[in-house]
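I opened a notebook to keep track of what I looked up in this structure, and I wrote the entries in the order in which I worked.

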Amino acid sequence: MKDKTVLVLGGYGHFGARIVRALAASPGITVIAGGRHPPATMTDQAGAPLAGVRCLAIDAAAPDLVERLRASGAGLLIHGAGPFQGQDYAVACACIEAGLDYIDLADGRQFVRDFPAWLDAPARQAGCSVISGASTLPALSSAVVDALAARLDQLEEIDMVIAPAQASPLGLATVQAVLGYCGSAFPVWWQGRWQEMVGWGSPQTAQFARLPPRLAAPCDVPDHDVLQQRWPQLQGVRFRAALELPFLQRCLAGLAYVRQLGLPLPMPLLCRLLARCGRWFDRFGSDLGGMRVSVRGQRNGQRLECHWDLTAPMLHGPEIPTFAAIVLARRWAAGQPLPVGAHVCVGLLELAEFQDEFARWGIHSQISAPAGH
């Protein structure tokens, strides 16, 4: 049935395959794994064929994309074919024209920030829901901030750090997204004013609840804009990433410095090289990743700081960027309509809605705050 069929674009890729497996195990949902060169069959983690999953050859850049979407029989498309930095909104536009709802896993700052302005009017006219940023950022991060902000009278600062395990599998699109802004300056709202920070430059020590301290460096993500828009009273929003091995973190800082100098570098070649060579260092790392979101503000006239910590064992960290899209797709398939129009995935999910997925993968999360709060 059309209204229960989900087409995952990039459905055999780094994140798309995880979404396909999760939705294939969800009662009442028919799943299509789509892409330019799909396999004959999709398999589960053990390598066994996934029953009921259809593979479809479909090219996001094809001139007949709208017709192919209509012919697929899907009612919802999940776009997981990144990187989204530099992409346009052609897939979302095609979904609107074809009458499909749309969710993407985009974490490109401009792509997510400008999404509603470009697509809200046509989406409302067509009666479709199109949602961008249904990933760790900003879907999960904003849900965490919502939960922490409820403990404050006034929210003033948000500080986020993500810490992947060294041995976590890396897709080429992820490496391309990371290196895309390495060495580039971008604006960050911090200490009550817009300041420029350099992607992956000037790493500093970050603390975690269940992980050893790591070096963390600035990343250009949608949260810099969308969280500041959601809470205009904020004095600062900061996001950093912390690789497990200090050597690799300093290598990225060195690469950032070289790019700042304006020296030409073969970035496509470097992306492929780093995606492959990063595996050489896995023996020096672990299978443990994490994330910390800290908020600061006022409660009863006193300054208060709260933290949310996540710890992902057994290399399960790469599952986390898929959770928001999975939860929304299940909600949609259960007959709970997604909001009509174009939306950034901020305020659409509550932190509690992620708990079942955390538990499924043995991921631990906790909120820590001063006693009495």
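**Entry 1: the whole chain**

I noted before anything else that this is a predicted model. I then looked up the secondary structure, and I found 11 helices and 16 strands in the chain. The radius of gyration is 20 Å, close to the 21 Å that the globule rule gives for 373 residues, so I wrote down that the chain is as compact as a globular protein of that length. I also looked up the box that the C-alpha atoms fill along the principal axes, and its sides are roughly 55 × 50 × 40 Å.

How many of the residues count as buried? I found that 53% of the 373 residues do.

**Entry 2: surface and charge**

The accessible surface of the chain comes to about 16000 Å², and I noted that 55% of this surface belongs to carbon and sulfur atoms. I then looked up the charges, and the mean position of the 31 positive ones lies 5 Å from the mean position of the 31 negative ones.

I started with strand β1, residues 5-9, which pairs with β2 in the parallel sense over 5 bridges. Within this pairing I picked out L9, which stands opposite G34 in β2. Strand β2 itself covers residues 30-35 and is mostly covered, since 5 of its 6 residues are buried.

I then turned to β5 and β6, which also run parallel and are joined by 2 bridges. Here I noted that Y102 stands opposite V130 in β6. Which residues of β6 are covered on each face? On one side I found S129 and I131, on the other V130 and S132, and all of them are buried.

In helix α3, which spans residues 90-98, I listed V91, A92, A94, C95, I96 and A98 as buried. I wanted to know what these residues pack against, and I found β1, α2, β4, β5, α4 and β6. After α3 comes G99, and I noted that its phi is positive, near 85°.

Helix α6, residues 172-180, has V175, A177 and L179 as its buried residues. These pack against two helices, α8 (246-260) and α9 (267-277).

I looked up E157 in strand β7, residues 154-163. Is E157 buried or exposed? Its relative accessibility is 16%, and because buried means under 20%, I recorded E157 as buried. Leaving out residues up to four places away in sequence, I found that E157 touches W190, L234, Q235, G236, S294, V295, R296 and R303.

H364 lies in strand β16, residues 364-368, and at 29% relative accessibility I recorded H364 as partly exposed. Apart from neighbours within four places in sequence, H364 is in contact with R210, D309, L310 and T311. I also looked up H364 together with R151, which is 213 residues apart from it along the chain, and their C-alpha atoms are separated by 21 Å.

**Entry 3: cis peptide bonds**

P83 lies in the loop between β4 and α3. The bond from L137 to P138 is cis as well, with omega near -5°, and I found P138 in helix α5, residues 136-149.

**Entry 4: positive phi outside glycine**

Q191 is a residue other than glycine with a positive phi, near 55°, and its place is the loop between β8 (185-190) and β9 (193-198). At 55% relative accessibility, I recorded Q191 as exposed.

W200 is likewise not a glycine, and its phi is positive, near 65°. I found W200 in the loop between β9 and β10 (204-206). Is W200 buried or exposed? I noted a relative accessible area of 3%, so W200 is buried.

Technical notes. Residues numbered from 1 in each chain as written. Predicted model: local features only at pLDDT ≥ 70, side-chain atom pairs only at ≥ 80, totals over all residues. Heavy atoms only, no water. Helix = DSSP H or I, 4+ residues; strand = E, 2+ residues; numbered from the N terminus. Rg over C-alpha atoms; globule rule 2.2 N^0.38 Å. Buried < 20%, exposed > 50% of the residue type's maximum accessible area, 1.4 Å probe, protein only. Areas by Shrake-Rupley, 256 points an atom, 1.4 Å probe, with all protein chains shown as cover. Lys, Arg positive; Asp, Glu negative; His and termini not counted. Charge placed at Lys NZ, Arg CZ, Asp CG, Glu CD. Pairing = 2+ DSSP bridges. Contact = heavy atoms within 4.5 Å.
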